[in-house]
Amino acid sequence: MAGRPPCDELTLAQHENNGFGPLLKSRGKAATIASVVITVIGGTMLLFAVKENEEREGTHFILFTAALLTLSLVLGELVRRFCLVFEEIQHKNTRYEGKWERVLNATLTFKHGKCILVAAIASTLTLFFFLFEHYEVFCRPPYAILFSLNCFVVPQLLFLVGLRQPSAAERSEINERENKNVAEGLAWGYYFGYLKLVLPRLERQIAKSEKFRLQIKHKKLFILVPKSCYIYSEIEEADYRVKCAGNLPEIKINRGGIKERIYKHTVHQVEMLRPDGTTEEYHLVLEYATPLMSLYQMSQNSAAPLSHEDRTHQVQLFILKLTDILNNCEECRGKYKLVPISGDETSKIADVLVGIHNSFDEELDEEACN
């Protein structure tokens, strides 16, 4: 791999996961760690530089300035957020149920408020100490001007010119962390509205079926996830070798005011031609991830603008979130298999499914040997 040109590596990556391409992984703490490392290294170098020159006043200047800037930045952010109050009070009745407390909580509170409060108090005490001990050195107009600029001018300018807006990566990270992406909403809806109801009952429904209970070897729900988000009405339309073989017994659940609402799974027969001309058959409980059709339709509708790139990102997030949800549900864990496919190429679904089926066979054989 090291000797391949970058274009070849990209091509190989795009063919991963049955042509779907690389799957997303949850973001880690690399940005936070990098910030901490830079802060520690920069602060250490500065302190050593002052110490080598044996300038006591230089050390005092660094500590005083750091405290001054920290306090002014906190107060400046509070002033900026106070400006937000003037807009939000226009919506006090419609957005905040007419409560001032909710308006102020929405505008003036911080996620890490206690840490910020501690930093502000520590900075204030540091400033008082140096002003008391070295009044003539630090009680000067330039410091007062710097403090005022950081409190009242700089935060507003940064806000007005748009420098406070989070980057695309930060917005993505926030949306993923707070489940605000369209795909994550679809994943949660798919789980609560369908998978959480049917997956715990899947093995029982297979056992009830006289026709399929001996034919279905791997009692999992195989869920096709096309990258294109396009879902055929019949899987056979995408691959003629994947044919509907019948349905499992129905599941009836009273839900949403509907008496005995029906949920059922379709068993598909995958036909693979052997070298000797005979056909080998595999039976799987198989279906598309139907919520993805909403993403596809959104990308085709001008009223719900969703670009091709956005749609691709959302389907990747859908897989990431749905996998996380199901793996954290004891009743669903191990009872499903997400099958990412490109969705652009037909007549390959059978090959992918048989490959997965055979890999499960190998796992069972290894467990039996152990």
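Salt bridges to start. This is a predicted model, and the structure holds seven of them. Here is one to look at. E77 and R81 meet through their side chains, at 2.9 Å from N to O. Where do E77 and R81 lie? Both are in helix 3. They sit four residues apart, about one turn of the helix. As a reminder, side chains of opposite charge can pair when their charged atoms come close.

What does the pair tie together? F64 belongs to helix 3, residues 56-88, and F130 to helix 6, residues 113-133, so the contact links parts that are 66 residues apart in sequence.

Now the annotation. An unreviewed UniProt entry lists "transmembrane region" for residues 30-49, 61-79, 115-132 and 144-163. Take two of those stretches. Residues 61-79 are 100% helix and 0% strand in the model. The C-alpha atoms at the ends of 61-79 are 26 Å apart. Next, residues 115-132. This stretch is also 100% helix, with 0% strand. Its end C-alpha atoms are 26 Å apart.

Last stop, surface charge. Which residues gather in a patch of negative charge? They are E362, E363, D365, E366 and E367, and the patch is on the surface. For orientation, find E366 in helix 15, which covers residues 349-369.

Notes:
Residues numbered from 1 in each chain as written. Predicted model: local features only at pLDDT ≥ 70, side-chain atom pairs only at ≥ 80, totals over all residues. Heavy atoms only, no water. UniProt positions renumbered as here; feature names shortened; annotations may be inferred. Helix = DSSP H or I, 4+ residues; strand = E, 2+ residues; numbered from the N terminus. Patch = residues over 30% accessible without salt bridge, like charges linked within 9 Å, V, L, I, M, F, W, Y side chains within 5 Å. Areas by Shrake-Rupley, 256 points an atom, 1.4 Å probe, with all protein chains shown as cover. Salt bridge = Lys/Arg side-chain N within 4 Å of Asp/Glu carboxyl O. Lys, Arg positive; Asp, Glu negative; His and termini not counted. Charge placed at Lys NZ, Arg CZ, Asp CG, Glu CD.
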